[in-house]
Amino acid sequence: MAVCAFASGLLSPPNNWDSMTYKLPRIHYWMQHRSLMVFPAHVTRLIELNPGAGFTLLHFELLSGTYKFFYLGQWIAAVAATLASSLIARGLGGNRQTQLFAGALIWSIPMAVLQASSTQDDLTAAAWILVFIAFTFKLLKDKSNPSPGLSFLTGTALGIGLTTKGTVDFFAFPFCLWIGFEALFHFRRRWIPCLAIISICTLALAVPFLVRNNSVFGNPYGGPQRIMITNQRWGLDVLLANTARNIGVNFATSNRRHNSKVFRKTVDVLAPFGITINMEEATFP
Amino acid sequence: MLVLLLPTAFLLLSLLAYQHIRERRLSILAGLTMTYGILVGMTEALSPFHAITRFNIALIWSCLVAVAGGLVLLRRRSCLLVLPDLRCPRLSYAE
């Protein structure tokens, strides 16, 4: 699967919607302005969404002079996610076979396979979460004697993850709490520099972008785009509608008849609760 | 030629990590994390000075490759011990 994704990326130029509308154009703005500072943009996604994955592509383009290596960012992330998942399986007590299965499972996720040859950033973000968790497992293996080197790697992985996508903080938060609790319950003086290293590495990489966003939109997490893609209100009905629709999306195929059946089924599931499938407060236009 | 700088830096940083961690997969992830970390940090650090240019990026990556390569070579112990360790144990002479 990895070889096929590699070949697919090599043979096809970037072509998906998000990449064409903001993920790649902003790289050329940065190159043109020789700076990451915000620039006047009609499509605010160009400036308000996390740029981490774009930095990698920026280096690929600057060093090679071509866009042809753009896909490598996500492909490398897929390989890293495979390695990290196998290490997490080991951290959870799995044997060699379990580790192989965990790694193979990554390549059985349709979205991961599709993204491995694309210039999106979701797989990159997922990979950094997994790498952060793998380092966390290793760091907490010896709770009474934490390693500053591993703390550096744990903080750096989290920092890059936060720079890559806004959803990373949500998934990484429980593991940050875990590190905090373990440091508290197995407190030694050695934990102080380690926690400082993790915090400094994370903040040094993640904060500059948040500061730029705050200076433009008055909110570190962005402006119009953030508001548009988040739920306008919270509630049980919103949760139910989003869950049903997300499950439905995962059953979609290229067969139109099958898709319309899935669509009708989703409508039927939500109807008894008085929920319409196009609930405005929870739907991206 | 220039695009070789990134994989070379990644390889050298992974080797450096292996000297300390002694685990292959974790070292690869450590190399990747350090490469990406430098990449993100360097881009942010260059930006305020309006210096994100092909020349500056290539210069800094070249320096990094030279320093990381120097560190790997200087650690004679690692050069002699790490490389044989990287072989699959099943194929090694001892087995």
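Between chain B and chain A of this predicted model, about 3,300 Å² of area is buried, 73% of it from carbon and sulfur atoms; buried area is the accessible area (1.4 Å probe) that two parts lose on being put together, summed over both. Of the area that chain B buries against chain A, 22% comes from Arg25(B), Tyr36(B) and Glu44(B), more than from any other three residues. In terms of contact (heavy atoms within 4.5 Å), 31 residues of chain B meet 39 residues of chain A.

Chain B and chain A share 3 salt bridges, each defined as a side-chain nitrogen of Lys or Arg within 4 Å of a carboxyl oxygen of Asp or Glu. Glu44(B) and Arg212(A) are joined through their side chains by a salt bridge of 2.8 Å, N to O.

On the side of chain B that touches chain A, α1 (5-21), α2 (24-46) and α3 (54-74) of chain B each supply at least two residues; helices are DSSP runs (H or I, at least four residues), numbered from the N terminus. The largest contribution to that side is from α2(B), with 16 residues. By class, the side comprises 20 nonpolar residues (Ala, Val, Leu, Ile, Met, Phe, Trp, Tyr, Cys and Pro), 7 polar (the others, Gly among them) and 4 charged (Asp, Glu, Lys and Arg).

Confidence is expressed as pLDDT, the predictor's value for each residue from 0 to 100. Chain A has a mean pLDDT of 93, with 100% of its residues at 70 or more.

Local features need pLDDT of at least 70 and side-chain atom pairs 80 or more, whereas totals for chains, interfaces and linings use all residues. Side-chain values use heavy atoms, without hydrogens and water, residues are numbered from 1 along each chain as its sequence is written, and chains are lettered from A, and ligands numbered from 1, in the order in which they are written.
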